[in-house]
Amino acid sequence: MNEIIPSASPSVASAAGRSFNELPLSPSMQETLRQLEYLTMTPIQAASLPLALAGHDLIAQAKTGSGKTAAFALPLLTRLNPRRFAVQAMVLCPTRELADQVTQEIRRLARSEGHIKILTLCGGTTMRPQRASLEHGAHIVVGTPGRIMDHLERGSLNLEALNTLVLDEADRMLDMGFYDDIAFVAKQCPAGRQTLLFSATFPEGIARLARQFLRKPQEVKLLEQHEGSKIRQRFYEVKHEERLQAVATLLKHYRPVSTLAFCNTRQQCRDLLEVLHKQGFHALTLHGEMEQRDRDQVLIQFANRSCSVLVATDVAARGLDIAQLEAVINVDVTPDPEVHIHRIGRTGRAEEDGWALSLCSPADKRRIATIAHMMDIEPEWHTLGSLQSGNDAPLVPPMVTLPILGGRKEKFRPGDVLGALTGEAGFTREQVGKITVTDQTTYVAVARNIAHEAVRRLSAGKVKGKTVKVRALTD
Ligand code: ADP
Ligand code: MG
């Protein structure tokens, strides 16, 4: 690692808020960025794009939601030749969800760069359709290391023309035991390629990967700096046995619409879920053994504001890109201060304020001292007793999710569903929330007070000329 760019250096400090205009990007790409309303670069983009566009290998540290995708998508698209029908760029991601998110974002950025085919290759589905798509050729491949390795072993993926390899959320891939698969894949890539590695944290495995597969990488490290005004952080001292009930107390007092509650173990997640359900909260959890479809459904309900609380471990929650999170609750304090900073960085995004509430037993005090030292803050201690217990009304999410049978396969678009609800069915635009189209199902969020009637009218009417099966998801 040749060059360290410390977060305090003026080059980085002044980097945020800089315009994409100063980058060597094509006029069509500049136009796309304007259309997407990407007016200024995020700090990670400002720090890494000039280096990556100049051809350097990169080790970049950035948290979720910091705009990493564009930080690697712009360099790989700049180098891509649309007329050459061969895989020229490959992005490795830890999960199918992240691979889907990355694919979508690259598609958006590539829309005026000519006809560019992007394939997503992940496990959990059969190989054959993927092989068929590969035979038709692709410019960019996004996928999970295991599945990409399978394709390489069977000879269905050829990387001879590859000029950019991206490792996205590399630490997470290592957590999931992908080291050997990544190594296998990297060895199949041409030696002259550029490699861009993104990671939120730097466990030892990252250095090993970098030593083995990166050439003279430049290091871009942005310490996460949360402005105190955006994230309001409070610490509550609780006895260990009060912890789960304390989460309910916090929720009733602060009444956030969406809360991510972090536990250190899966057992703690299960226990908390039980306590919250018993008290009537709309809470869901995510864990590794869930089927992809169930996982999607949980994430969709949380993101569209029809579930108040998502209970998760750090591993299960990594990489989620959820806007509008009013609160993060640390049900357990994490032993790693970096993880703590990462957790609470999920609230108070953009222009919104957010609460970061931590429950601490006396034994956690040392951890808090370390965190406070790292964040350079004076921890604000509060007691549960100080919370008003007056508001006992149940905390109810504003929306309800209606799954509609039929999705991408039926060529459903969000507009079809919105049209059905606001047209024939007679609802207003304001009563309809987020609409998410997946392969076989379309999920629409509607205001809670019309959910029942919306199911009735949608079932009686038509979406895209077809009668559809609709129900309401209740948890
Ligand atoms: P990460 O991979 O770091 O979690 P993403 O690349 O998914 O983050 O970006 C997070 C969100 O920010 C996406 O919705 C993306 O479209 C948006 N975004 C990225 N860069 C910019 C920018 N420069 N200006 C405005 N929005 C941006
Ligand atoms: Mg990402």
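1. Let me start with the cavities: this predicted model has three of 30 Å³ or more. A cavity here is a set of points, on a 1 Å grid over the protein atoms alone, where a 1.4 Å probe fits but cannot get out. Grid points are joined across faces, edges and corners, and a volume is the space filled by probe spheres set on the points.

2. The largest cavity holds about 50 Å³ of space. Its lining residues (those with an atom within 4 Å of a point) are R266, C269, R270, T285, L286 and H287. Helix α12 (residues 266-278) gives the largest share of this lining, with three residues. By type, the lining splits into two nonpolar, two polar and two charged residues; Ala, Val, Leu, Ile, Met, Phe, Trp, Tyr, Cys and Pro count as nonpolar, Asp, Glu, Lys and Arg as charged, and the others, Gly among them, as polar.

3. The second largest cavity has about 40 Å³ of space. Among the residues that line this cavity are K63, K68, E169, D171 and R318.

4. Do have a look at T313, in the loop between β12 (309-312) and α14 (314-317). Why does T313 count as buried? T313 does so because its relative accessibility is 12%, and buried means under 20% relative accessible area with a 1.4 Å probe and protein chains only. Setting aside neighbours within four places in sequence, T313 touches F262, C263, T265, R266 and C269, where contact means heavy atoms within 4.5 Å.

5. Next, the seven-stranded sheet: it is open, with parallel pairing and the order β11-β12-β10-β13-β14-β9-β15. The edges are β11 (283-285) and β15 (381-382), each with a single partner strand, so one side of each has no neighbour in the sheet. Helices (H or I, at least four residues) and strands (E, at least two) are DSSP runs numbered from the N terminus, and two strands pair if DSSP finds at least two bridges between them.

6. Within that sheet, β10 (residues 259-262) and β13 (residues 327-330) run parallel and are joined by four bridges. T259 has A327 as its bridge partner in β13.

7. Two helices lie across this sheet. Helix α15 (residues 337-344) lies across β9, β10, β13 and β14, and runs at about 150 degrees to β13. Axes are lines fitted to C-alpha atoms, for helices over the stretch in contact, with angles from 0 to 180 degrees between N-to-C directions.

8. There is also an open sheet of three strands, antiparallel in its pairing and ordered β16-β18-β17. Its edge strands, β16 (399-405) and β17 (432-437), each pair on one side only. Neighbouring strands are turned by 20 degrees against each other on average, direction ignored. Helix α17 (residues 414-422) packs on this sheet and touches β16, β17 and β18, its direction making about 145 degrees with that of β17.

9. Seven bridges link β16 to the antiparallel β18 (residues 441-447); one pairs L405 with T441. Helix α18 (residues 451-460) lies across β16 and β18, at about 20 degrees to β16.

10. A note on conventions: residues are numbered from 1 along each chain as its sequence is written, and chains are lettered from A and ligands numbered from 1 in the order in which they are written. Local features need pLDDT of at least 70 and side-chain atom pairs count only at pLDDT 80 or more, while totals for chains, interfaces and linings use all residues; side-chain values use heavy atoms, leaving out hydrogens and water.

Key
On a 1 Å grid over the protein atoms alone, a cavity is a set of points where a 1.4 Å probe fits but cannot get out, and a pocket is an open set with protein on both sides within 12 Å along at least five of seven lines; lining residues have an atom within 4 Å of a point. Buried means under 20% relative accessible area, exposed over 50%, partly exposed in between (1.4 Å probe, protein chains only).
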